[in-house]
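The structure comes first, then the details.

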Amino acid sequence: MSNLLTLPFKKTYPVNVKEAARNYIYLHGGGHPDEFKDDMNLWQNLRKDGVGGVVHVDRIDASLLYHAQLVSILTKLPADIGLDIAYAPVFQEDSVPITMRSLVFERCGVLFNLASLYSQLAASEDRSTMDGIRRATANYQHAAGVLSFLKTTAIPKMVYPPDEEDVPRDLSETFATSLELLMLAQAQECSWQMAKLNQYKNVLIAKVAARVASLYQAASQAIRGASPSIKDIFPSDWLPHIEAKSHHFSAVSHYRKSIDEIETSRYGIEIARLQEAQAEAKKAYDIARRGRIKPSVLQDIQSLLETVQKSLSRAERDNDLIYHHDVPAASSLIGIAQTNLVSSTVPSALSDPTSLIGNGRLIFGELVGWGTKEAINIYNDRRQNFLKEKILDASAELQHTADEALRILHLPSALEALERPVGLPPSLLRKAEEVRLEDGPTKIEVSIEDVQRLSQQDQAILDEAMDVLDNEASEDEAARKVNSLDRLPSHEANVELITKEKRYRTILTQAAASDETVRQKWDEWEQSIIELTWSEEDLEASIPSSTISSSATTAQGRETQNHSRALRVQIEALDDLHRTREQLVRRAQTLVAADDIRERVMRLAAGYARLAEVTPAMFEDVLDGELAKYDKFFVEMGEIWQRQRAIIAEIQRLNELFLRSRKDDPVIKEREHALQNLELAYHKYREIMENLDEGIKFYNDLATILLQFKETCKNWSRSRNQQIHSLTRSLQKLSVEPRSDTLPSTHTAPQVDETEPTNLVSHSPSSVDTGPPETSKILPNTSSGAEARGSIKPQPRTGLHTSTPTLSTPGKKSASSKSALGLPALTSTEWDFEDIKLPPPPTPKRRP
């Protein structure tokens, strides 16, 4: 039996590499999956022999080749391609394996098993011969080198989700360090054995043994210093074995040094060395005996202890009778210098995978690397974000600012009232025609009815959900009158559902208040909006006419005309600026549409080493340089900001002078007021329609959530009813058995009829699958599968948007937006939404 420790394999399981790789390439581009059929087959075949599990020297090259190809694959594919890879914890091959979607996890497993293979090959060598000792020493050093490579190169790239608890603790840096030190200690022990067989001088053998003891001590300290979760991975006899070895070779070192002291006639120091050797050997023996380590190790320690004791008795007798040398204290002994003969040897095929593959075929060698593709995607995202935020959004904000400023000043309607003393301004005629073609008043009335109908429908859905809970409560109460139920009553068990219902009720109440505000706005502006639907003749007849011929000859009239012309010039300058801004936006959009960085990034990626890991960060300089060509648009947009600000300020100043010059002309004021009222009526029409359309969408989105809530109530109620039915059947069964006068505990696992749903393990919405939720008759579709699991995020109500009175799958928008009336969005945290969690089932309890 070997007196050294062997590192076992991490057990792994077959995986369907081809299917996962094919799906990834199909979904993420880079070519058609059929183009890489041979690569997928090669990957699948290499994995069979490359993941370890068989102790044979030929498997070293198989593992090294598979690792080299994994390095190549990771330059082409991301770590997560949807491939579930499972490895059992080391020392626990029969336990539940840890499964991760990570090719880095696969690489770490391959490296760990390669180190295990080296250690097992070393342990299988015949160390009674010099060649066997040399091979064992080399294999242990390679095992240590692989573990060092694993610790420094592969493990740092393992990424775990923040909430992940089931992580491979045996693939941690601390665990790998402990094993590396152990492999080095065993390699040094083999070197010590070789030195002993070669009959080196005792002083040199003592130095080699001192290094063995030091390495074993470092390994034991690494294990003891690890966290409990890592320390518990090791078998119970490993730490005693390592500590016993440390004391054993410390004793060997002192013993060999004592022989050297005899040769130099230092008999007192010889005794001190033998005393130290005896103390260390006793410690090793005690640890080995209590730790129940390998018998071969215990025999080695016991043999050494007997030899040391005999030598000490002989030395003390000779010194007492012949030499009479003083025996120094142990603390005064000079430490034994250590001679290190081993080191962590990383196989060249690990540090340089290209040396193993050479000019051979690389798996997915023709596929564009994921780092390269990601760099291109990052550039495209940054470019689109720049276009949207710095150009499109800025342009829209400029337009909104200018329109709002003119609206507040009642321009250009005030100028048109003066410039066209009779008739209607063309801009007003266009707006009136728009309302007339849309049949604005009728459209508003229909939308108001739709909003009211949808609101009532949502209210009805919520009431139906409460009816389900009420019916369940009634059944529960009736059942309690017949039997004693060992479970929470309904009013306590459904408290979370009732709380959720109250929140939904509050949402509907606040939404109804917003609807009332919109109706009041319609009542206030109804007549003015109706006037916009009149014919041009009727509309023109309703506007007072004015003349300026009589006032143009007066000083005040001439001043008004001058200010009017100056205002018109500035408004036209603002229009010119708008056209300039729109041209800038079109130029930026054209450049974005023609911009393609793919060729440059691909050319740069081709310049890296063959198996170099290409990451998006390597292309940062290129991406920044390419994005710099869009800076000119940002600068021009800033200049337009400044020019518009100056023009609006001038318009405000001239408008103030214009108003002062005509404040005493009642006829012009009356006409201006009438035109401004119609202009404002148009804006109110558009505002009311936007509010109503968003109200329709709001209620459609809320209906989706309420239907889910209703289904949750049904599932919860169904589970509660199944418990009652199960109890009833149990009572019927027990009624014919002896000693059946006691009601069985309701915590016993219910026996459910095979024809009934059996979702009794968990009452959460995610664990119950009863088909799609109900839909209202006016709603064309229901929530998606993801939403049916409780993750509905309806589109926020940002002021009651446009939509038709039908339910559509809600899109995602910012959860922080609010409506113009102050109503929070459905996804806003102000509603205090949370995932619906159903009350747990009764805790199982044993029958007495």
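## A buried glutamate and its partner

Glu270 is buried, with a relative accessible area of 2%. The model is a predicted one, and in it Glu270 forms a salt bridge with Arg314, with 3.2 Å between the closest N and O atoms. The two residues are 44 apart and belong to distant parts of the chain: Glu270 sits in helix 10 (residues 267–291) and Arg314 in helix 11 (residues 295–323).

Arg314 is partly exposed, at a relative accessible area of 28%. Glu270, at 2%, falls under the 20% cut-off and so counts as buried. In total the structure holds 41 salt bridges.

## A pair across 212 residues

Arg383 and Asp595 form another salt bridge, their closest N and O atoms being 3.6 Å apart. Arg383 is in helix 14 (residues 370–408), while Asp595 is in the loop between helix 21 (555–594) and helix 22 (598–606), so the pair ties together parts that are 212 residues apart in sequence.

Are these two residues buried or exposed? Arg383 is buried, with a relative accessible area of 7%. Asp595 also counts as buried, at 12% relative accessibility.

Lys684 and Glu687 meet through their side chains in a salt bridge of 3.8 Å, N to O. Both residues lie in helix 25 (residues 666–734), three residues apart, which is about one turn of the helix. Glu687 counts as partly exposed, with 30% relative accessibility.

## A negative patch on the surface

Which residues gather in a patch of negative charge on the surface? They are Asp163, Glu164, Glu165 and Asp166.

Glu165 has a relative accessible area of 76%. The cut-off for exposed is over 50%, so Glu165 counts as exposed.

How values were computed. Residues are numbered from 1 along each chain as its sequence is written. This is a predicted model: local features need pLDDT of at least 70, side-chain atom pairs count only at pLDDT 80 or more; totals for chains, interfaces and linings use all residues. Side-chain values use heavy atoms; hydrogens and water are left out. A salt bridge is a side-chain nitrogen of Lys or Arg within 4 Å of a carboxyl oxygen of Asp or Glu. Helices (H or I, at least four residues) and strands (E, at least two) are DSSP runs, numbered from the N terminus. Buried means under 20% relative accessible area, exposed over 50%, partly exposed in between (1.4 Å probe, protein chains only). Patches are made of residues with over 30% relative accessible area and no salt bridge: like charges are joined within 9 Å, nonpolar side chains (Val, Leu, Ile, Met, Phe, Trp, Tyr) within 5 Å. Accessible areas come from the Shrake-Rupley method with a 1.4 Å probe; for residues, only the protein chains shown count as cover. Lys and Arg count as positive and Asp and Glu as negative; His and the chain ends are not counted. The place of a charge is taken as NZ of Lys, CZ of Arg, CG of Asp or CD of Glu.
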